[in-house]
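Q: I would like to learn how to read packing and pairing in a structural model. Could we work through some features in turn?

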Amino acid sequence: PLLNLLSLSLFLSLSSRYIHSNMAEENSLKRRRTTAANDVVASTRRKYDHITSIEPINVDIGGTLFRVSKTTLVDNSSYFESLFSERWKKSTTEDKEETTINKNNNNGNNSNNDTSNESTTNESSSSSSNTDNKDDIIFIDQDPNAFSVLLNYMRSGMVYLPQNDPYLSKKTLLLAEYLGIHGFLITVKATTMKNVSRRDDYLSDEISEASQFDVRFGSFRSAVIEQNILPTCFFPPSDDLAIRVSDRVFHASKSILVDKSGYFGRLLTSDPTDYWREEYVSGENPDVMEVALQMLSSPNSAFTTMTEKFHSVSGKNVKFRHFYVQAILTWLDKLQLPLDFRDNCVQTITHTFNA
């Protein structure tokens, strides 16, 4: 019994030590994890405190200096967000190395070298300050005029492209892609997709419209440089089409031409940029073109024009009438009108001819 009692006592003692050892190890692990987590939080906080500072910085774009807050750049550009993140990491590493060197120097020096150390420190601080001033100027070898357009967007949120300067618009778009100004790019793509589809509003949200742009046109750079979709289709197209026939110019509505004529429909919609063309040159007889266009927009006007033509000196000639009417009918066939609409046009022409 005494041996059993001693064995039990020894077992309980060892068990107690084991439990306490495990608890101590677990508590130590928790403390290390908590410390590591706090370090991460503090590091992240320092990082974003630095990045989102409203402190102005100097940005040299192609030789032109811009003074901008870090918030403006980082909030709108993934390029600057990454740039400042890397600069912060580099700055933090250098600060730590400098602190370690200073500590080692202080431990190895005696009090008689304090004055010498102070002088050296001042010189070092002055040198470091000059370096920092140089580092504060970020140089980007791009067009300053294009950057100025994008900076206006980053400050105001308004998407704008200079319509009267297509070359600057192209440079602005390519620079926006380079700097990762995604909000600007999404709005440009969505607006372009809406205009190409000839809609007054988005079918859904801007991001979905921008995704459709990517599916249809592929590379953004290709859409700007090779396909010439941008900047042309970013601006709303004019509805007026000038049709030049010989020495006369007629003006017609593109929407009416596309809606009622298969010929003009293909002419203005085969390529996305076709709808933005401002002039069409035709080798047709101008008198025939005049009546044909009036048939599409205002049949009553066509009736009046034909009546006046028939009452003119040349119109009294029966052969001329037949030639004139036949030319109009031939051109109407070429326009590929809807069947019902074409029949109405033919009835109007026949009625006018017999009047």
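This is a predicted model: local features need pLDDT of at least 70, side-chain atom pairs count only at pLDDT 80 or more; totals for chains, interfaces and linings use all residues.

Q: Which residues of α12 and α13 meet?
A: On the α12 side they are D287, E290, V291, Q294, M295 and S297, and in α13 their counterparts are P299, S301, A302, T305, M306 and K309.

Q: What span does helix α14 have, and what span is expected?
A: Helix α14, which covers residues 318–335 and so counts 18 residues, reaches 26 Å from its first C-alpha to its last, close to the 26 Å expected at 1.5 Å a residue. After α14 comes Q336, with a positive phi near 55 degrees.

Q: Which residues of α14 are buried, and against which helices do they pack?
A: The buried residues of α14 are R321, Y324, V325, A327, I328, L329, W331, L332 and L335. The helices against which the buried residues of α14 pack are α11 (262–269), α12 (286–297), α13 (299–310) and α15 (339–354).

Q: Turning to the sheet, what is the order of its strands?
A: As a general idea, strands of a sheet pair through backbone hydrogen bonds, either parallel or antiparallel. Here an open sheet of three strands has the order β2-β1-β3, and its pairing is mixed. Strands β2 and β3 (137–140) stand at the edges with a single partner strand each, so one side of each is left without a neighbour in the sheet. From one strand to the next, the twist averages 30 degrees.

Q: How many bridges join β1 to β2, and what packs on the sheet?
A: Strand β1 (residues 56–61) is joined to β2 by six bridges, and the two run antiparallel. Helix α5 (residues 144–156) packs on the sheet, where it touches β1 and β2, and its direction makes about 15 degrees with that of β2.

Q: Is R67 buried or exposed, and which residues does R67 touch?
A: R67 lies in strand β2 (residues 64–69) and is exposed, because its relative accessible area of 53% is over the 50% cut-off. Leaving aside residues up to four places away in sequence, R67 touches P56, I57, N58 and R155. Among these, N58 has R67 as its bridge partner in β2, and a polar contact of 2.9 Å joins the side chains of R67 and N58. P56 is 11 residues from R67 along the chain, yet their C-alpha atoms are separated by 6.1 Å.

Note on methods
Residues are numbered from 1 along each chain as its sequence is written. Side-chain values use heavy atoms; hydrogens and water are left out. Helices (H or I, at least four residues) and strands (E, at least two) are DSSP runs, numbered from the N terminus. Buried means under 20% relative accessible area, exposed over 50%, partly exposed in between (1.4 Å probe, protein chains only). Contact means heavy atoms within 4.5 Å. A polar contact is a pair of N or O atoms within 3.5 Å; within protein, one must be able to donate a hydrogen and the other to accept it, and residues adjacent in sequence count only if both atoms are side-chain atoms. Two strands pair if DSSP finds at least two bridges between them. Axes are lines fitted to C-alpha atoms, for helices over the stretch in contact, and angles run from 0 to 180 degrees between N-to-C directions.
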